[in-house]
Amino acid sequence: MIWGWLYQESGRISELFAWHLGLSTLPVIIGLLLAIPLGWLARHLGLFQAAFLGGAGLLYTIPSLALFVLLPLVLGTRILDPLNVVVALTLYSLALLVRTVSDGLGAVPPAVLQAASAMGYRPAARFLLVELPLAVPVIAAGLRVAVVSNVSIVSVAALVGTPQLGLLFTQGLQLHFLTPIIVGIVLCVLLAALLDGLVQLLANRLTPWQRKGP
Amino acid sequence: MVSWFMDPEHWGGPDGVPVLLAQHLAYSGIALFVACLIAMPIGLYVGHTRRGVVVVAGVANALRALPTLGLIVLLVILLGPSFASDLAFVLPSLIVLVLLAVPPIMAATYAGIGAVEPEAVDAARGMGQRPLQILFGVELPCALPLIFSGLRSATLQIISTATIAAYVSLGGLGRLIIDGRAQNDYQQMAAGAILVGLLAFAVDLLIGLLSHLFVSPGLKRHSRRSPL
């Protein structure tokens, strides 16, 4: 470790960290917002559910580097555009979260739904105020996986040149210099732990009944 | 794009698609094999005795956060000087591939064994089967659907990461992407990406087929029960 280098480069490193944070969280947020209606749809399409979830799983098989390279072809963007990374990771997060949202909604006991209907909840209100909150623990588990693996996948985008912590790895190899590589790995793991903790904290806040249980 | 694939020059010689594909499959196959050798016994042991579940699950989750690219680059610089020629980048890449594949296989194996209905195990014990007979005759076959799903995610991750390892001069289809980037040849990059994607699809399909062949028909109803 060469601490002088770290001090000298701290400005650029924090910039890369900010990029990394944005590139790994934004796709999860968009993915979740899309996955909630799609997960609901998957549950209510009956026969189509298997095909629907299978399609989402198929997306997950495409290697990340391949997706980063192919998306410009589809979107008409330039290869360096961070948008490619955002879209690719949104697709991954979506593929993972559609399944979790649909599983989470499926885990809500039917008796609870009947009780809510009997109390006069209309379908939309029942979904937003009863089903979704009760599905939070399962959805949060999926979110944790999505956010942690995103942090790791974002660094791969360094190979096409998108700015984020992964650039420290390519720089380290080119210069045969260990400090940026170690700094990059440590910051990636810290960021993953931080975001993972944040999701857990939010999930705890949203599910007060889980803490009071016996 | 089509013209790239039609050009016979891209299909022959030492840098041709068949050679790169064979390299990609060779690295992935070796890594998967070694990962199975490490992960399966641990998974079977933890699942059967239910000891060490917390440790295994914790390690599996922590490894998910490690940035692969950083790990490969780190190992190349650390181990590179101690090995001659090709081994200097092949060995670090293989280590990382194995490291990535062990957690999903291990987790799926112990979860699969752990989820076997206790009645089935009790019945086998009542019939006088010994622990090892129970493990390989009852628990393992019942756990196969989940084990295959773990193998599937491990294999896809290996294929994906082997692509990345082309950056440290490993062969395989990733070469097309990395070299294409260096030469600003988008055609070649896209061709590499398509080939890698197709390879992943094909392997995914193959594992699905194997799982279909090996899982006992009586268990098929349960196979979608717990997604990993």
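1. Start with one residue in this predicted model. The side chain of T61(A) comes to 2.5 Å from the backbone oxygen of L58(A). T61(A) sits in helix α3 of chain A, which covers residues 48-61.

2. Is T61(A) buried or exposed? T61(A) is buried, because its relative accessible area is 2% and the cut-off for buried is under 20%. Leaving aside neighbours within four places in sequence, T61(A) is in contact with R152(B), L156(B), A200(B), F201(B) and D204(B).

3. Now the interface as a whole. On chain B, 35 residues are in contact with 41 residues of chain A. The area buried between the two chains is about 3,200 Å². Carbon and sulfur atoms give 79% of that area. I77(B), Y167(B) and Y186(B) supply 18% of what chain B buries against chain A, more than any other three residues.

4. Between chain B and chain A, five residue pairs are in polar contact, both residues at pLDDT 80 or more.

5. Which helices of chain B each supply at least two residues of the side that touches chain A? They are α4 (68-79), α7 (131-164), α8 (174-182) and α9 (186-214). Helix α9(B) gives the most, with ten residues.

6. Last, the make-up of that side of chain B. Its residues divide into 25 nonpolar, five polar and five charged.

How values were computed:
Residues numbered from 1 in each chain as written. Chains lettered and ligands numbered in written order. Predicted model: local features only at pLDDT ≥ 70, side-chain atom pairs only at ≥ 80, totals over all residues. Heavy atoms only, no water. Contact = heavy atoms within 4.5 Å. Buried area = accessible area lost by both parts, 1.4 Å probe. Polar contact = N/O pair within 3.5 Å; in protein donor to acceptor, adjacent residues only side chain to side chain. Helix = DSSP H or I, 4+ residues; strand = E, 2+ residues; numbered from the N terminus. Nonpolar A, V, L, I, M, F, W, Y, C, P; charged D, E, K, R; others polar. Buried < 20%, exposed > 50% of the residue type's maximum accessible area, 1.4 Å probe, protein only.
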